[in-house]
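User: Hi! Could you walk me through the pockets and the sheet in this model? I'll just ask as we go.

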Amino acid sequence: MAKIICVANRKGGVGKTTLATNLAVALNNKGKSILLDADEQQSAFKWANQREDIKCIAVHSNLLEKLEELDNQYEYILIDVAGRDSTIFREALLVSDTLVVPTQPSLLDLDVLSYMQEKVKIAKQTNENLDAYIAINRASVRTKELNDAIEFVKEFDEFKLLNTVLFERKQFRYAILESKSVTEMSSSKAKDEMNQLIIELI
């Protein structure tokens, strides 16, 4: 039975696909894995298509049927969900072992977490073993909002806050352009941060 990890947020622009592609490389190194791109933009699918080692398929409907088909073929299934509410998002919550919600530490991004928590609560009525995490992503090194964001996130008891903060760094953009993970690139703070986050999650 595969371990299913879902990366999702109702809000776009929080670095969701960037996190998913980096996790895809980490999971691929750990065991047989597949990335499901459930976002119509297909950014993760296009990224994976430039590589030979990452198995990725686009799934825009019938997610539960597809997961049932793949379950015994892989050790890890990673789902990148579009930045909005959708049937696929709700289905993913019902079967995932782990949910990772990346968020920027700004008020507009943090406001969405109340909605996400409600969906997690509903999902846990069926999927009581769901582990839900918040990852603070794309944080600025020049503002004081990070500490306020950390305290704000702690109020959401359905989530565990990952200790690792991913800062806004150009290496993440370069990695996407090269169809890589930052962990495959030269030494950088982005690489160190992603490795720490991976250790926390998997």
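User: Which residues line the second largest pocket?
Analyst: The lining of the second largest pocket is made up of Gly15, Thr18, Asn137, Arg138, Phe167, Glu168, Arg169, Phe172, Arg173, Ile176 and Leu177. A pocket here is an open set of points on a 1 Å grid over the protein atoms alone, with protein on both sides within 12 Å along at least five of seven lines, and lining residues have an atom within 4 Å of a point. This is a predicted model, where local features need pLDDT of at least 70, side-chain atom pairs count only at pLDDT 80 or more, and totals for chains, interfaces and linings use all residues. Residues are numbered from 1 along each chain as its sequence is written, and side-chain values use heavy atoms, with hydrogens and water left out.

User: OK, now the largest pocket. Which residues lie nearest its centre?
Analyst: Lys16, Thr17, Asp39, Gln41 and Ser43, out of 14 lining residues. Helix H1 (16-30) and helix H2 (43-49) are the elements that each give two or more residues to this lining, and H1 gives the most, with four. The space in the largest pocket is about 270 Å³.

User: How many cavities of 30 Å³ or more are there?
Analyst: One. A cavity is a set of points where a 1.4 Å probe fits but cannot get out. The largest cavity holds about 30 Å³, and Ala24, Asn28, Ser33, Ile34, Leu35, Ile54 and Lys55 line it. Strand E2 (33-38) supplies the largest share of that lining, three residues.

User: Switching to the sheet: what is the strand order?
Analyst: Seven strands run E3-E2-E4-E1-E5-E6-E7 in an open sheet with parallel pairing. The edges are strand E3 (56-58) and strand E7 (160-161), each pairing on one side only. Two strands pair if DSSP finds at least two bridges between them.

User: How many bridges join E1 and E4?
Analyst: Five, in the parallel sense, between strand E1 (residues 3-7) and strand E4 (residues 76-81). Ile4, for one, has Ile77 in E4 as its bridge partner.

Key
Grid points are joined across faces, edges and corners, and a volume is the space filled by probe spheres set on the points.
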